[in-house]
Amino acid sequence: MDADLLCAFKRHRRRHFLRLNGLYKHFFPKHERGLALGIQGGLSDFGTGLVQFVTPLVIGFSAFAFLGDGQVAHLPDGKTVTYWLQNASWVWIPLVAIITILSWLFLRSVPVSGNVKQEWTIFGNKHTWFMTLFYYGTFATFAGLGAQLGLLGNHTFAGIEGAPSAVALAWLGPVIGALSRVGAGQVSDKIRGGRVTTVMAVCNIIGLLALWLYKPTTVSGCWIWLLVMFWVFFWTGVGNASTTEQMAVLFPPLQGGAVVGWTSAVGAYGPFTIGMLLAECGAGAMFGISTLIFVAILAINVYYYDRKNAPDLC
């Protein structure tokens with residue numbers, strides 16, 4: 001058989017195999033979507049910690065000085081220090097350019113077609129709103145605390161001599177949450193996202209209540225407070241994975257993609273809402289409201305998705 005014909009036959013056979021297994025139309029079967037979404041989301045969440053770690057390093061030198069002048073900060077002791085805040089943006093441009101080129105060359109679109117009218121139907125489905133609450137509670141808490149941890153920690157530790165620097169350690173929280181999201185995606189595939197969400201909600205309630213009630217007065221108490229905060233980051237990362245796995249199972253692909261996009265957009269308001277709560281109401285109210293959100297998540301999840309004879313067990 002001619003080599004070209006043989007290659008064409010093999011390609012045709014592979015396409016037929018993929019169609020039979022449901023992989024031609026969609027990249028991942030349902031039993032692997034939690035892992036895929038966990039890796040994708042975890043890597044993107046890792047960027048939060050990476051930016052917090054890299055930014056203090058790059059703004060201190062003039063590598064991009066030809067693109068803009070430095071800024072001068074006046075310290076309390078009368079000294080001045082020059083920094084280049086714009087470096088925090090410029091340093092990522094080469095990486096973004098590389099990723100853009102690679103995406104253009106290698107990314108493939110999932111051949112699922114639809115229109116706005118079909119996707120709009122998600123707003124008439126109660127599960128859309130439940131998943132919006134679930135993802136807002138987990139991702140908004142993750143992103144909001146990630147943005148506010150340095151300021152919140154330094155305010156909490158004020159007046160405690162020798163207290164750790166929350167600003168220097170702020171990058172750790174998002175990194176912990178990102179790693180837990182990667183691992184929890186595969187766990188959700190194996191034991192159901194609904195079960196993982198139940199455990200996650202209970203653990204977050206415990207952590208948020210502890211942060212609400214506990215006020216450190218010693219250096220060791222500051223470290224306890226930070227460990228509890230990292231506990232919350234870990235479990236919100238788990239919840240980011242388990243709730244997206246539930247979406248992938250609950251909805252057909254066209255609606256599922258729309259639901260993931262909608263809930264992600266709402267969850268992205270986390271830094272804003274957490275920041276507003278801290279500014280207007282204080283840390284105690286912010287932790288208290290966050291606790292109530294997870295109580296609601298726990299109740300809805302157990303009733304609809306994680307109990308014997310649940311109407312939508314997933």
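Is Asp-306 buried or exposed? In this predicted model, Asp-306 has a relative accessible area of 7% and is therefore buried, the cut-off for that class being under 20%.

Side chains of opposite charge can pair when their charged atoms come close. Two salt bridges are found in the structure. In one of them, Asp-306 pairs with Arg-192, and 2.7 Å separates the closest N and O atoms. Arg-192 is partly exposed, its relative accessible area being 24%.

Asp-306 also forms a salt bridge with Arg-195, here with 2.9 Å between the closest N and O atoms. Because Arg-195 lies in helix 9 and Asp-306 in the segment after helix 13, this pair ties together parts that are 111 residues apart in sequence. Arg-195 has a relative accessible area of 38%, which makes this residue partly exposed. Through shared partners, the salt bridges join Arg-192, Arg-195 and Asp-306 into one network.

Turning from charged to nonpolar side chains, a surface patch is formed by Ile-98, Ile-101, Leu-102, Trp-104, Leu-105 and Phe-106, which together have about 750 Å² of accessible area. One of these residues, Leu-102, is located in helix 4 (residues 93–106).

Methods:
Residues numbered from 1 in each chain as written. Predicted model: local features only at pLDDT ≥ 70, side-chain atom pairs only at ≥ 80, totals over all residues. Heavy atoms only, no water. Patch = residues over 30% accessible without salt bridge, like charges linked within 9 Å, V, L, I, M, F, W, Y side chains within 5 Å. Areas by Shrake-Rupley, 256 points an atom, 1.4 Å probe, with all protein chains shown as cover. Salt bridge = Lys/Arg side-chain N within 4 Å of Asp/Glu carboxyl O. Helix = DSSP H or I, 4+ residues; strand = E, 2+ residues; numbered from the N terminus. Buried < 20%, exposed > 50% of the residue type's maximum accessible area, 1.4 Å probe, protein only.
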